[in-house]
Amino acid sequence: MRILVLGGDGFCGWPAALHLSQLGHDVEIVDNLSRRRIDEELGTDSLTPIRAPRERIAAWSETTGRSIGFTELDIAEDYDGFVALLARSRPDVVVHFAEQRAAPYSMKSATHKRYTIDNNVNATHNVLAAIVEADLDVHLVHLGTMGVYGYGTAGMRIPEGYLDVKVPGETPDGTPTGELIDQTMLYPSNPGSIYHMTKVLDQHLFAFYAKNDKLRITDLHQGIVWGTHTEETELDERLVNRFDYDGDYGTVLNRFLMQAAVGYPLTVHGTGGQTRAFIHIQDMVRCVTLAIDNPPANGDRVKIFNQLTETHRVRDLAELICEISGARLEFVPNPRQESAENDLYASNATFLDLGLEPTTLSQGLLKEVEQTARRFADRADLTKIPAASLWTRDRSVGAPTRIADTA
Ligand SMILES: NC(=O)c1ccc[n+]([C@@H]2O[C@H](COP(=O)([O-])OP(=O)(O)OC[C@H]3O[C@@H](n4cnc5c(N)ncnc54)[C@H](O)[C@@H]3O)[C@@H](O)[C@H]2O)c1
């Protein structure tokens, strides 16, 4: 299949592009490299020394004999360019990773909130409108987040996207009929940041285009991705994947492992009572492949899969890593507005039914990530570890650089 990977220079997009290429698909990456510029804005960098896009793609070709295309293009800004790209490449599948994905970054200031909304919602809508304008029958696979559901329980397992409800029937004048009518709705959203809000808005755009234009769309509600290597990124050191550890982009489990590796106390926010969904990066690439192989039909509603393999309480993860590594814990004030403690039960039945064999948290894998972090520890800037982005107006961060100025 011919596959465009939007955002294919990023943490998830790069290993997914390599995996799809390894499987024999004809892959082209489209990325505006905004993530690399945000590193410059924040004065941080991937812990692992990632190569320039063309260099890593050349290394892939040298290592495997397979080629991957690359186009630098801003999907949110250059709509015409994207339509032209679709018309030229005529993909069977578009995998859409191309959004600003850090909740803390999205809450830094009004500038960052506006950038995240503009970038993510425009990117998604441009992709949808362009597929219609180019008149292609493309399967769009989008990376969403478990965060659209919010983090809590409603006395039930969170279903995969849709909630079946029964509503009391009424006549037009409001008289109860005594009947219970079956309805299906998107599971009520409860985003905890502007970033998560963009994924909620994405969902509604998808529902509209699936209904109105019969586009084939799969939305993957993904948990927090941990790990850094996949089978493909390990083939050559020039293929190394990015590893974010800073207070904005570092995600909780990778951050803890990095902190343990460099001898920094594990920064547990609040009581550490937050329960979150996780997936290892190797399973992430497998899930994307499974989603591609199982498309909806034209006219079907959007397929929504919960892309997680396990849930853990943050405090328990921190304690486990302390046990393995001898690191110590430090409870720090929580910069986010969220429940101090929550449970989380979510279904991931679709991927299990499709044959996913989950790679769950094991001491061996945790150690492997910690070793990667240890190997590149001399590249770490410890001043970037604390999470400085506050959810409320009482902020301690300085005035941010406008994204447009860093382009
Ligand atoms: N990393 C996680 O733990 C995680 C968890 C759940 C969901 N997701 C979702 O998966 C997707 C990928 O996440 P990631 O961790 O790889 O993020 P990332 O920031 O590493 O990668 C995103 C890529 O998209 C590119 N991009 C952003 N806006 C663009 C635009 N307008 N035009 C072209 N390219 C653009 C960036 O330059 C970057 O290379 C995101 O949509 C994210 O919301 C990630």
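The ligand is surrounded by 29 residues, the closest being Cys12, Asp31, Arg101, Tyr195 and Lys199; a residue is near a molecule when one of its heavy atoms lies within 4 Å of it. The model is predicted, so that local features need pLDDT of at least 70 and side-chain atom pairs count only at pLDDT 80 or more, whereas totals for chains, interfaces and linings use all residues. Residues are numbered from 1 along each chain as its sequence is written, and side-chain values use heavy atoms, with hydrogens and water left out.

A polar contact is a pair of N or O atoms within 3.5 Å.

| Protein atom | Ligand atom | Distance |
|---|---|---|
| Phe11, backbone N or O | oxygen | 2.9 Å |
| Tyr195, polar side-chain atom | oxygen | 2.6 Å |
| Gln222, polar side-chain atom | nitrogen | 3.2 Å |

Helices are DSSP runs of H or I with at least four residues, numbered from the N terminus. Axes are lines fitted to C-alpha atoms over the stretch in contact, and angles run from 0 to 180 degrees between N-to-C directions.

Helix α1 (residues 13-22) packs against helix α3 (residues 53-64) at an angle of about 30 degrees, and their axes are 12 Å apart. That makes α1 roughly parallel to α3, a term for angles under 35 degrees, while 65 to 115 degrees counts as roughly perpendicular, over 145 as roughly antiparallel and the rest as oblique. Trp14, Leu18, Ser21 and Gln22 of α1 form the contact with Arg56, Ile57, Trp60 and Thr64 of α3, where contact means heavy atoms within 4.5 Å. These residues divide into 4 nonpolar, 3 polar and 1 charged; Asp, Glu, Lys and Arg count as charged, Ala, Val, Leu, Ile, Met, Phe, Trp, Tyr, Cys and Pro as nonpolar, and the others as polar.

With helix α9 (residues 281-293), the axis of α1 comes within 9 Å and crosses at roughly 55 degrees. The two helices, α1 and α9, are therefore oblique to each other. On α1, Pro15, Ala16, His19 and Leu20 meet Ile281, Met284, Val285, Thr289 and Ile292 of α9. The contact of α1 with α9 comprises 7 nonpolar, 2 polar and no charged residues.

**Packing of α10 and α12**

Helix α10 (residues 314-325) and helix α12 (residues 363-375) have axes 11 Å apart and pack at about 75 degrees; α10 and α12 are therefore roughly perpendicular to each other. Leu320, Ile324 and Ser325 of α10 make the contact with Gln363, Leu366, Lys367 and Glu370 of α12. That contact holds 3 nonpolar, 2 polar and 2 charged residues.

Notes: A polar contact is a pair of N or O atoms within 3.5 Å; within protein, one must be able to donate a hydrogen and the other to accept it, and residues adjacent in sequence count only if both atoms are side-chain atoms.
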